Amino acid sequence: MKAFVKGFFYSFPIQLLLLHFKKHQVLLIFWVILFVSVGGKFMTKYGVDSLFLAPEYLGKIDFFAAAIVGISMGIFIMSWNITCFILFSRYFLFLATTSNPFLKFCINNAIIPLIFLSYYGYNAVSYAYYDELLSSREIFWLVVGFIDGFIIILLISFVYFFGAGKTIVRRLTPVINDPVLFKAQFSKSEKVRESRMIRVKYYFTATFELKKVRDVSHYSRDFLSTIFSRHHFAGVLSILIAFIFLMITGYFIDDSFFQLPAAAGVTIFFAILIAVSGAISYFLQNWSLLFLLLAFWGSNYLYEKGVIDITNKAFGLKYVAKNERPAYNEEYLSALSTDEKMASDKENMEAVLNRWKAKQGVYKPYMVIINTSGGGSRSATFTMRILQRLDSILNGSLMQRTTMISGASGGMLGAAYFRALDHAKQTGSTINLQDTQYVNDISKDLLNPIITNLVARDLASPVQQFEISGKYYSKDRAFAFENKLNENTKGLLNLQLKDLYLLEKEAKIPLLLLSSVVTQDARKMLISTQPISFLMRNKSQEVDAVDFGAMFKNLEAEDLRLLTALRMNATFPYVLPNVWLPTEPVVDIMDAGLRDNFGVESTMRYLQVFESWIKKNTKGVILIQITDRRKSGWDQPFASSGITDILMRPMMFFQSNWHKLQDYSQNDLYDAMKTLYGPQLQRIVFQYTSDEEEKAAALNFHLTKREKQDIFQSLFSVHNQKSFQTFRALTAQK
């Protein structure tokens, strides 16, 4: 028994496993990320697990999508094996005396990959069944696809290394067989010393037989190193091929054929990162950290000097030299919101409201204002369903009764698409606004093209450009997001602000008020086709918002794409890049939800400004608030689950409570406005809630079939049914 335990401990697979934890632990980080991602422990609320467990290709979760992920997983595992072989082979010199040393290394280095593949397979099958609601037959083909793709890469890799091994043997055989040549090249070097190797007694052969390790102490170290170095070169060449493949994919990624599942892009990118990490460790050793610091400093220096530019732009806006940019300072913002300017813009908006009233057919109509919250695709889908139902109650006149729509992120994507569909219908298109096809459109995947473009284009591919109104911009994941959104919404949102100016001015469509947050000072950047300086100041007359159109009037703000404005409104940190604006100094903006996730803040200021007009000309305001979460603080457990939770809670406070803090503050705003308006202000709230909160739709740009069903079902909750009844009763009043 003692001999068995000792033999097991000193077997090659166990010694390799221990060596991974002893040296170059950075290589294990990638495995940790994969394990926690597929296990639903890493950013699950943002749907990271769905990228791996339900890969999409050409809009489908099928054999081909799974096969591509299988191929990418094979590339990742082979990259890991190659890198480990380069780093660790010097500890196991006996491999050089065997045939096909790399194959034997991979077989004995398979503990971590086998555990991961088993874990991944179990989670993927469960996810496909319970979350994507796939049939057993569909799941079977997913499994077959993944296995086929994985095996193809293994076969290609080992055929390649078999060929490399034969070449090495062919070139070294004449030297080994010729004592004169062998002595000239290797005999002067020191013999291998046992102390320089990690002790190994047994290893698995290519036929999975357990074999005793040969003694190599009589071999020349230079001879063994030569064999390994030739294999190392073959390994580096294979990783270079993978990188070239990623570059080619990034270059042609506008073609849907090259838009790989996000999981595939991520794992291939991880494969390259592993190879780069290994190369730095192998060649620079103790100098690795210094090299990384110098590389970071050099990149930062080149950025400061304008040699490289990694910033994202607002597509359609003109970018100019420093001396032509508007100043971003207190004086300039104050000049944009003088009393005279605010009065002029208010007069323009009252003219819009008068045109809206004239089309209502009654002396004092109810004014409908829609606020919709951020929340990625779940909010976009829920918003579309709610608007369809409200429009049905009003016999197709919801948009005609609505004066303004505001909000954040996903909710505004759904609302903008519904508005575009309604306008198309009013202008002659044959559209049934209640058709579930439009819900399917807005709920289609947006996350895969973002992640695939991030790794294949932003990080690996040469810069490509595209043109809008004579201005050129770089293609990146933001461009991919807009293109995919445009495709999903049938091209109806592919407009510029100038295309919507007269439609909103003449009250043919509701005003769409979009916003973002300036990261430097948390002011709101308000985007509208109409001048809105009256929204720039709060009650204390402090400028806390910026009228985008006025700010960039001389930089062709009217050319901004609606798709870009929607993206700026939905710039979730890191998923989409911050948008950098041509001001002096330069500022960048992020997701509107950071400050006003529900669109309430802007609406309350709007109601305050137009109080007199509204009271005089309308029966009152029906404020429709569509939220992607329960309006309470009781849906999350308060108990600490462990020491880690206790330590992390102070740092996670804002992330966990950001929306609740906004909710509390905006409830106070609503109470104040209710005091001002009295019964003339009615708020109707619609909430997306799930029967099982832990299985609620994730906050990202991808939805599973179960999540879509859950969102549909949420319309029939007791709360939402009461809200529909209230809306029906209010709008039925004459």
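In this predicted model, Val125 is placed in helix H7, which spans residues 111–130. With a relative accessible area of 35%, Val125 counts as partly exposed, because that class lies between the limits of under 20% for buried and over 50% for exposed residues. Together with Val143, Ile147, Ile151 and Leu155, Val125 makes a nonpolar surface patch of about 380 Å². The greatest contribution to the nonpolar patch comes from helix H8 (residues 136–177), which supplies four residues.

Phe102, by contrast, is located in helix H6, covering residues 101–108, and its relative accessible area of 1% places Phe102 among the buried residues, since the class requires a value under 20%. Along the chain, Phe102 and Asn81 are 21 residues apart, and their C-alpha atoms are separated by 8.5 Å.

Attention now turns to the interior. In soluble globular proteins, nonpolar side chains tend to be buried together. The largest nonpolar core of the model comprises 142 residues, of which Phe76, Phe548, Leu581 and Ile624 touch the most other members. Helix H5, formed by residues 63–88, gives the most to this core, contributing 14 residues. When neighbours within four places in sequence are set aside, the contacts of Ile624 are with Val368, Ile369, Ile370, Asn371, Leu390, Ile684, Phe686 and Phe727.

Definitions and conventions. Residues are numbered from 1 along each chain as its sequence is written. This is a predicted model: local features need pLDDT of at least 70, side-chain atom pairs count only at pLDDT 80 or more; totals for chains, interfaces and linings use all residues. Side-chain values use heavy atoms; hydrogens and water are left out. A nonpolar core is a set of buried Ala, Val, Leu, Ile, Met, Phe, Trp, Tyr and Cys residues joined through side-chain atoms within 4.5 Å. Buried means under 20% relative accessible area, exposed over 50%, partly exposed in between (1.4 Å probe, protein chains only). Helices (H or I, at least four residues) and strands (E, at least two) are DSSP runs, numbered from the N terminus. Contact means heavy atoms within 4.5 Å. Patches are made of residues with over 30% relative accessible area and no salt bridge: like charges are joined within 9 Å, nonpolar side chains (Val, Leu, Ile, Met, Phe, Trp, Tyr) within 5 Å. Accessible areas come from the Shrake-Rupley method with a 1.4 Å probe; for residues, only the protein chains shown count as cover. A salt bridge is a side-chain nitrogen of Lys or Arg within 4 Å of a carboxyl oxygen of Asp or Glu.
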